[in-house]
Amino acid sequence: MNLNNKVIIVTGAAGGMGRAIVSQLLEQGAYVVGIDLSEKLLNQTKHPNYTVQAGNVLDETRIAEIFSQTFEKYGKIDGLVNALGIAQSATPIEEVSIEQWQKIMDINVKSLFITSKEAVRYMKSKNPGSIVTIGSISAVRPRPGLQAYVASKGAAESFSRALAIELAPYAIRVNTINPGPSDTNMLGQFTASGADVEATKKEIFIDSIPLGKLIEPEDIANAVSYLISDQSKMVTGATLNVDGGRGL
Ligand SMILES: NC(=O)c1ccc[n+]([C@@H]2O[C@H](COP(=O)([O-])OP(=O)(O)OC[C@H]3O[C@@H](n4cnc5c(N)ncnc54)[C@H](O)[C@@H]3O)[C@@H](O)[C@H]2O)c1
């Protein structure tokens, strides 16, 4: 993909998928701004066209500042990749507190409202633009005990579709990628409390993927590059499953 001179903001940029996404966008010629909680972790990626911005995506003021600084520096914002998220440890619903439910909905859904609102503010005046959100195949193929996480990812996909129709007149495209079980730190966090993480990875996750192996962060980065690039200029409101067939 040719992403020369595109200015792209990535949330969750220090995470397993985030790091692969940032590296690939940089390799393809983009200017990338990475947002995550920890500056130290963000700084693991070094590149002259990479700007690190530590911040909590739920902090509306800080996020507005990051978008405004990016626009001032480059004069435009072409892309937003919403790659952050938190997992849920598999838990029966009667043991899930309202606080646990709310935290997952806030980080996985409210964050999308906050970042997309800022992105659209700048993209509308300098269109076209592309917003890509990392959902989860669990939204359509749930596993037991992940009710809050699954609901948050269903909301993420619906939100993308709602924005896709609202923003089409401005040439701003909005799409979702639904990964299947992926080889990052997050995967172990889906296991039930006290369960053997490695055994769960093999027995539950890998064995549930028709193509027989975990999704790599680079597989997700490939899909992001396509949806951010002009190669996908007629794709909006779509969901791309990168799941090894898990959703079948
Ligand atoms: N790993 C999987 O199996 C899997 C499967 C399907 C979907 N997903 C989704 O893919 C996306 C990326 O997941 P990952 O596997 O790279 O996870 P990860 O845990 O490696 O990375 C997530 C990143 O988000 C950051 N983050 C969390 N809350 C934040 C906040 N409030 N503000 C700023 N940053 C915050 C974390 O610091 C972390 O660096 C998530 O949306 C996740 O739900 C993951």
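At what angle do the axes of α1 and α8 cross, and within what distance do they come? In this predicted model, local features need pLDDT of at least 70 and side-chain atom pairs count only at pLDDT 80 or more, whereas totals for chains, interfaces and linings use all residues. Residues are numbered from 1 along each chain as its sequence is written, and side-chain values use heavy atoms, with hydrogens and water left out.

The axes of α1 and α8 cross at roughly 50° and come within 8 Å (axes are lines fitted to C-alpha atoms, for helices over the stretch in contact, with angles running from 0 to 180 degrees between N-to-C directions). The two helices are therefore oblique, the class left after roughly parallel (under 35 degrees), roughly antiparallel (over 145) and roughly perpendicular (65 to 115). Helices (H or I, at least four residues) and strands (E, at least two) are DSSP runs numbered from the N terminus. In contact terms (heavy atoms within 4.5 Å), Gly 16, Met 17, Ala 20, Ile 21, Gln 24 and Leu 25 of α1 meet residues of α8 including Ile 220, Ala 221 and Val 224. By class, this contact has 8 nonpolar, 4 polar and 1 charged residues (Ala, Val, Leu, Ile, Met, Phe, Trp, Tyr, Cys and Pro count as nonpolar, Asp, Glu, Lys and Arg as charged, and the others, Gly among them, as polar).

Helices α4 (residues 98-123) and α5 pack at about 15°, with axes 8 Å apart, and are therefore roughly parallel. Among the residues making this contact are Trp 101, Ile 104 and Phe 113 of α4 and Tyr 149, Phe 159 and Leu 163 of α5. The contact comprises 15 nonpolar, 4 polar and 1 charged residues.

The largest nonpolar core has 38 residues, and Ile 21, Leu 25, Ile 220 and Val 224 are among those with the most contacts inside it. Such a core is a set of buried Ala, Val, Leu, Ile, Met, Phe, Trp, Tyr and Cys residues joined through side-chain atoms within 4.5 Å. At least two residues each are supplied by β1, α1 (16-27), β3 (50-54), β5 (129-134), α5 (147-167) and α8 (217-228). A second, separate core of 20 residues includes Phe 67, Leu 80, Ile 131 and Leu 167.

Thr 11 lies in strand β1 (residues 7-11) and, at 2% relative accessibility, counts as buried (under 20% relative accessible area, with exposed over 50% and partly exposed in between; 1.4 Å probe, protein chains only). Beyond four places in sequence, Thr 11 touches residues including Ile 35, Leu 80 and Thr 115.
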